[in-house]
Amino acid sequence: MKAERTRLARLRRLERIRDVAKQAALAEAGRAEGTLAQLLELAERTEAMHGDYAPRAGLTDGHALAALNTFRDGLDQIAGATRADADRARAVADSHAQEAALAERRRAAAEERATEAAKTLARKAQSALPVGMRKRLGTRFE
């Protein structure tokens, strides 16, 4: 029975460790989602700025038009880089979400093993009692 109690204690520790790992994975996934949201907002604002600087009829000469086009080209490059960053951030966020789901499955499996070990230990402890003692105590294990 001592070996079973030691095994149960080890399984409970493993369950706590898996819970901490799950919490860390969830925190990491949350940070990745936050980064993704910031990049998506930045991409939207950059694209809106690009639209705000559309060529206007009030430009007086070719130099002003060239300067505006150069500025808009720069905004295009920034918007493209931001969209690429957002795509990478989305992939990272998805990866972290998968890691969090895996950590939860591992934690649940450890919990199931610990619960089963506790039930087995309780059954063994109950079966070690004499029959008359079990009836008096009113113990029952399902």
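This is a predicted model: local features need pLDDT of at least 70, side-chain atom pairs count only at pLDDT 80 or more; totals for chains, interfaces and linings use all residues.
Residues are numbered from 1 along each chain as its sequence is written, and side-chain values use heavy atoms, with hydrogens and water left out. The points below cover the packing of α1 with α2, the aromatic pair and selected residues.

**Helix packing**

- Helix α1 spans residues 2–52 and helix α2 spans residues 62–128 (helices are DSSP runs of H or I with at least four residues, strands are runs of E with at least two, and both are numbered from the N terminus).
- The two helices pack at an angle of about 165 degrees, and their axes are 6 Å apart (axes are lines fitted to C-alpha atoms, for helices over the stretch in contact, and angles run from 0 to 180 degrees between N-to-C directions).
- α1 and α2 are therefore roughly antiparallel to each other (under 35 degrees counts as roughly parallel, over 145 as roughly antiparallel, 65 to 115 as roughly perpendicular and the rest as oblique).
- Sorted by class, the contact of α1 with α2 has 29 nonpolar, 23 charged and five polar residues (Ala, Val, Leu, Ile, Met, Phe, Trp, Tyr, Cys and Pro count as nonpolar, Asp, Glu, Lys and Arg as charged, and the others, Gly among them, as polar).
- The crossing of α1 and α2 is left-handed (the near helix is turned anticlockwise from the far one by less than a right angle; clockwise would be right-handed).

**Aromatic pair**

- One aromatic pair is found in a search of the whole structure (rings of Phe, Tyr and Trp, the last by its six-membered ring, pair if their centres lie within 6.5 Å).
- The ring centres of Tyr53 and Phe71 are 4.8 Å apart and the planes stand at 70 degrees, so the pair is edge-to-face (planes under 30 degrees apart count as stacked, over 60 as edge-to-face and the rest as tilted).
- Tyr53 sits in the loop between α1 and α2 and Phe71 in helix α2, so that the pair links distant parts of the chain, 18 residues apart.
- Phe71 has a relative accessibility of 37% and counts as partly exposed.

**Residues of helix α1**

- His50 belongs to helix α1 and, at 17% relative accessibility, counts as buried.
- Leaving aside residues up to four places away in sequence, His50 touches Arg72, Leu75 and Asp76 (contact means heavy atoms within 4.5 Å).
- Lys22, also placed in helix α1, counts as buried at 15% relative accessibility.
- With residues up to four places away in sequence not counted, Lys22 touches Ala100, Ala103, Glu104 and Arg107.
- Glu41 lies in helix α1 and counts as partly exposed at 44% relative accessibility.
- From C-alpha to C-alpha, Glu41 and Asp76 are 16 Å apart in space, and they are 35 residues apart in sequence.

**Residues of helix α2**

- Arg83 is in helix α2 and is partly exposed, with a relative accessible area of 39%.
- Arg83 touches Ala43 and Glu47, residues up to four places away in sequence not being counted.
- The C-alpha atoms of Arg83 and Ala43 are 6.0 Å apart in space, with the two residues 40 apart in sequence.
- Ser95 has its place in helix α2 and is partly exposed, with a relative accessible area of 30%.
- Ser95 and Ala32 are 63 residues apart in sequence and 9.3 Å apart in space, from C-alpha to C-alpha.
- Ala128 is placed in helix α2 and counts as exposed at 59% relative accessibility.
- A distance of 57 Å separates the C-alpha atoms of Ala128 and Arg90, which are 38 residues apart along the chain.

How values were computed:
Buried means under 20% relative accessible area, exposed over 50%, partly exposed in between (1.4 Å probe, protein chains only).
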